[in-house]
Amino acid sequence: MFIHPDWPAPKQIKAMCTTREGGVSQPPFDSFNLATHVNDDPLSVLQNRELLRQSAVLPSAPFWLDQRHTQDMVCLNDVDSESWQPIVADAAWTNQKQQVAVVMTADCLPILVTNKQGSLVAAIHAGWKGAAEGIVTKSIVALPDRPENLLVWIGPAIRQSHFEVGEDVFEAFLSLKAENASFFQPLSVQSELKYLADLPGLVKSELQDLGVRNIYDSGLCSYENEAQFYSYRRDGQTGRMASLIWITD
């Protein structure tokens, strides 16, 4: 049901990513879908969220964001996690104990962040559009610590061998820096130029440019492992995994 980052985070930092296994949702959301916006039965999603809270022994309810591929990060310090109204944002952070930051994904990059002291945590949702528009950089520079002190984990996401994109995506990243071209493998599809894009590679390069040195990539592919992960690119109508992080007492 859970995947835990393999990283040297301080002992007070708890982090995990869910899989699609172990819940109550029916096909095509089988079975541990945690998203309310994908047309799954709302009662099933609520049951899955309660299963998550109990199985992961969460210290509080996660604050579920209304993710729209924005460039926005929210600080959870003064947010009521029991609120019924999600905030539109694609990243969340806190330096308070027992506050659970969470993002949902089904191919996009789930990025979990802490620091060497274990005094802050953040969760970032980075699809290609959000990454191209700066969600990663804006989130990292907004944190109250230097990039070299941060630890970053990249969870299950679509990998280059399965992520076919068009010229628009290539141009969006090329406009950021010319070196990004190395993360695109050209394809010829029915006389139309396409690419296989390495989104984790693009984000890791961006993090390194910011000064982040402690980057840990799960290497897991959401598209390839159908039994364990949801994939929007593979299935269309499907559920969402959650990546969560918090500070314990």
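Biologist: Is cysteine 17 buried or exposed?
Modeller: Cysteine 17 is buried, at a relative accessible area of 0%. Buried stands for under 20% relative accessible area, exposed for over 50% and partly exposed for values in between, with a 1.4 Å probe and protein chains only. Cysteine 75, at 30%, counts as partly exposed.
Biologist: What should I know about the model before reading further?
Modeller: This is a predicted model, in which local features need pLDDT of at least 70 and side-chain atom pairs count only at pLDDT 80 or more, while totals for chains, interfaces and linings use all residues. Residues are numbered from 1 along each chain as its sequence is written, and side-chain values use heavy atoms, leaving out hydrogens and water.
Biologist: How many disulfides are there?
Modeller: A disulfide is a covalent bond between the sulfur atoms of two cysteines. The rule asks for a pair of cysteine sulfur atoms within 2.5 Å, and by this rule the count is 0.
Biologist: Which residues touch the most other members of the largest nonpolar core?
Modeller: In soluble globular proteins, nonpolar side chains tend to be buried together. A nonpolar core is a set of buried Ala, Val, Leu, Ile, Met, Phe, Trp, Tyr and Cys residues joined through side-chain atoms within 4.5 Å. The largest one here has 35 residues, and Ile111, Val113, Ile140 and Phe184 touch the most other members. Helix α5 (residues 199–210) gives the largest share, 4 residues; helices are DSSP runs of H or I with at least four residues, strands are E runs with at least two, and both are numbered from the N terminus. A second, separate core of 25 residues includes Cys17, Leu65, Ala89 and Ala106.
Biologist: Where does valine 45 lie?
Modeller: Valine 45 is in helix α1 (residues 42–55) and is buried at 0% relative accessibility. Beyond its neighbours within four places in sequence, its contacts (heavy atoms within 4.5 Å) are Asn33, Leu34, Ala35, Thr36 and Asp40. Leucine 34 is 11 residues from valine 45 in sequence, and their C-alpha atoms are 5.5 Å apart.
Biologist: Where is the place of asparagine 180?
Modeller: Asparagine 180 is in the loop between α4 (167–174) and β10 (184–189). Asparagine 180 is buried, with a relative accessible area of 6%. Not counting residues up to four places away in sequence, asparagine 180 touches Phe173 and Leu202.
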